[in-house]
Amino acid sequence: MKAIIISIIVAIAIIGGVFMLTRSGNTGQVANVNNVSIVDGKQIIEINAKGGYQPRKSIAKAGIHTIIRFNTKGTFDCSSSVRISSLNITKSLPQSGTTDIDIGSGQPGTLKGSCGMGMYPFEVEFQTS
């Protein structure tokens with residue numbers, strides 16, 4: 001019985017350690033890492049999807065026709081399924097490639113999205129100036 005309890009404690013410690021190491025080093029919370037560009041009058045926000053979304057927060061201009069471009073490269077996790085509930089958008093991404101999601105003109109405020117399971121969030125803050 002004592003060996004089982006020790007095994008359970010060690011297993012929980014290992015799982016917790018792995019979880020903490022994978023979540024802490026790269027939060028992707030830094031906004032605007034040059035992932036927003038304007039091409040032919042359309043605003044393009046590039047987000048990498050693999051093990052979550054990078055960057056997790058983007059800053060964009062409001063009132064411009066906007067496309068969110070998801071880049072995947074060997075993506076097999078739940079970040080290959082994108083959900084933007086406020087716009088009623090759900091999209092499956094290919095394992096590798098790019099997928100454009102046209103969201104129309106971004107309204108001032110924050111647009112939130114996540115993976116299909118809701119584990120990996122991302123957001124786009126649309127600013128007026």
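Modeller: A salt bridge here is a side-chain nitrogen of Lys or Arg within 4 Å of a carboxyl oxygen of Asp or Glu. The model is predicted, so local features need pLDDT of at least 70 and side-chain atom pairs count only at pLDDT 80 or more, while totals for chains, interfaces and linings use all residues. Residues are numbered from 1 along each chain as its sequence is written, and side-chain values use heavy atoms, with hydrogens and water left out.

Colleague: How many salt bridges does that rule give, and which residues are linked in a network?

Modeller: The count is four. Glu46, Arg69 and Asp100 are linked in a network of salt bridges. In one of its pairs, Arg69 meets Glu46 with the closest N and O atoms 4.0 Å apart. Arg69 belongs to strand E5 and Glu46 to strand E2, so this pair ties together parts that are 23 residues apart in sequence. Strands (E, at least two residues) and helices (H or I, at least four) are DSSP runs, numbered from the N terminus. The side chain of Arg69 also meets that of Asp100, at 2.7 Å from N to O. Asp100 is in strand E8, so here the parts tied to E5 by Arg69 are 31 residues apart in sequence.

Colleague: How accessible are Arg69, Glu46 and Asp100?

Modeller: Relative accessible area sets the class: buried is under 20%, exposed over 50%, and partly exposed in between (1.4 Å probe, protein chains only). Arg69 is partly exposed at 22%, Glu46 is partly exposed at 31%, and Asp100 is partly exposed at 38%.

Colleague: Which residue forms a salt bridge with Glu125?

Modeller: Glu125 pairs with Lys57, and their closest N and O atoms are 3.2 Å apart. The link joins distant parts of the chain, since Glu125 sits in strand E10 and Lys57 in strand E4, 68 residues apart. Glu125 is partly exposed at 22%, as is Lys57 at 23%.

Colleague: Next, the backbone. Which residues have a positive phi although they are not glycine?

Modeller: Most residues other than glycine have a negative phi, and most peptide bonds are trans. Asp40 has a positive phi of about 50°; Asp40 lies in the loop between strand E1 (36-39) and strand E2 (42-49) and is exposed, with 78% relative accessibility. Asn88 has a positive phi of about 55° and is exposed at 71%. Asn88 is in the loop between strand E6 (81-84) and strand E7 (89-92). These strands form a hairpin with four residues between them. E6 and E7 run antiparallel and are joined by four bridges, where a pairing of strands requires at least two DSSP bridges. Val82 stands opposite Lys91 of E7.

Colleague: Where is the cis peptide bond?

Modeller: The cis bond joins Gln54 and Pro55, with omega about -5°. Pro55 is in the loop between strand E3 (53-54) and strand E4 (57-61).

Colleague: Which residues have the most contacts inside the largest nonpolar core?

Modeller: A nonpolar core is a set of buried Ala, Val, Leu, Ile, Met, Phe, Trp, Tyr and Cys residues joined through side-chain atoms within 4.5 Å. The largest has 21 residues, and Tyr53, Ile68, Phe70, Val82 and Phe126 have the most contacts inside it. The elements giving two or more residues to this core are E2, E5 (65-73), E6, E8 (96-105), E9 (109-115) and E10 (121-127). If residues up to four places away in sequence are left out, the contacts of Tyr53 include Ile47, Phe70, Cys78, Val82, Cys115 and Phe122; contact means heavy atoms within 4.5 Å.

Colleague: How many disulfides does a search of the whole structure find?

Modeller: A disulfide is a pair of cysteine sulfur atoms within 2.5 Å, and the search finds zero. For Cys78, the nearest cysteine sulfur is that of Cys115, 3.2 Å away. Cys78 is buried at 16%, and Cys115 is buried at 0%.

Colleague: Is Thr72 buried or exposed?

Modeller: Thr72 is buried, at 7% relative accessible area, and is part of strand E5. Beyond four places in sequence, Thr72 touches Ala49, Leu93, Pro94, Gln95, Ser96 and Gly97.
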